[in-house]
Amino acid sequence: MYPGAERQIRGNLELLARGGRAPLISVGYFSARQFEDINFARLDADLHPLGQNEIVFIGRHLYVSPHRDGYSIDDMIEQIRHALAEEAIAIITAKMSCLRNLRGRQDRWGNTIYDQAVSEMTARKPRAELFSVIPKGDTLQPKNQSPP
């Protein structure tokens, strides 16, 4: 992520929490390996490659689903940070494009989480939009549990 991106992401998420409309912001880029893997897989699937190695963010969808599950903005930022880490691998299917961190992290509820950042690769062409983050492995969710 770019320096200051977490602050900008937090600003968008807080604006959305207040019912506002968040702007499009640039938050980072893929590692050279991730960018190459994404474009190779997209070309192999007869999809357009990304023309620019930049990740943009609004946050509307990313905020709604985790908030409904009881996650805080701090939790969402941790999920984003982990999902966009350099060691995350690109996974491209006919239905989605994402980065998945195969290095688990422990969340506040005792789960081992493998965060997955889902990108939308067409609407903001030639850039990728960070659309959602899925905390894979969150069997104990905050809406049902209190942190220890």
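This is a guided tour of one structure, stop by stop, for a reader with a viewer open.

The model is predicted: local features need pLDDT of at least 70, side-chain atom pairs count only at pLDDT 80 or more, and totals for chains, interfaces and linings use all residues. Residues are numbered from 1 along each chain as its sequence is written, and side-chain values use heavy atoms, with hydrogens and water left out.

**Stop 1: helix α4**

Select residues 73–83, which make up helix α4. Helices (H or I, at least four residues) and strands (E, at least two) are DSSP runs, numbered from the N terminus. Eight of the eleven residues in α4 are buried, so the helix is largely enclosed by the rest of the structure. Buried means under 20% relative accessible area, exposed means over 50%, and partly exposed lies in between (1.4 Å probe, protein chains only). The buried residues of α4 are I73, D75, M76, I77, Q79, I80, H82 and A83.

**Stop 2: the nonpolar core**

Next, select I9, L13, F30, F57, L62, I80 and L130, the residues with the most contacts inside the largest nonpolar core, a set of 30 residues. At least two residues of this core come from each of α1 (5–17), β1 (25–28), α2 (32–44), β2 (55–57), α3 (60–68), α4 and β7 (128–136). Helix α4 gives the largest share, five residues. A nonpolar core is a set of buried Ala, Val, Leu, Ile, Met, Phe, Trp, Tyr and Cys residues joined through side-chain atoms within 4.5 Å. In soluble globular proteins, nonpolar side chains tend to be buried together.

Stay on L13 and show what surrounds it. Leaving out residues up to four places away in sequence, L13 touches F57, G59, L62, Y63, I73, M76 and I77. Contact here means heavy atoms within 4.5 Å.

**Stop 3: D115**

Move to D115, in strand β6 (residues 112–120). With a relative accessibility of 0%, D115 counts as buried. Its side chain makes a polar contact with the side chain of R105 at 2.5 Å. A polar contact is a pair of N or O atoms within 3.5 Å; within protein, one must be able to donate a hydrogen and the other to accept it, and residues adjacent in sequence count only if both atoms are side-chain atoms. Beyond four places in sequence, D115 touches residues including E78, Q79, H82 and A83.

**Stop 4: two aromatic pairs**

Rings of Phe, Tyr and Trp (its six-membered ring) pair if their centres lie within 6.5 Å; planes under 30 degrees apart count as stacked, over 60 as edge-to-face and the rest as tilted. By this rule there are two aromatic pairs.

Y2 lies in the segment before α1 and Y29 in the loop between β1 and α2, so the pair ties together parts 27 residues apart in sequence. Y2 is partly exposed at 29%, and Y29 is partly exposed at 48%.

Now select Y71 and W109: the ring centres are 6.0 Å apart and the planes at 90 degrees, so this pair is edge-to-face. Y71 sits in the loop between α3 and α4, and W109 in the loop between β5 (105–106) and β6, 38 residues apart. Both Y71 and W109 are buried.

**Stop 5: I89**

Finish at I89, in strand β3 (residues 89–92). I89 is partly exposed, with a relative accessible area of 37%. Outside four places in sequence, I89 touches C98, L99, R100 and L102.
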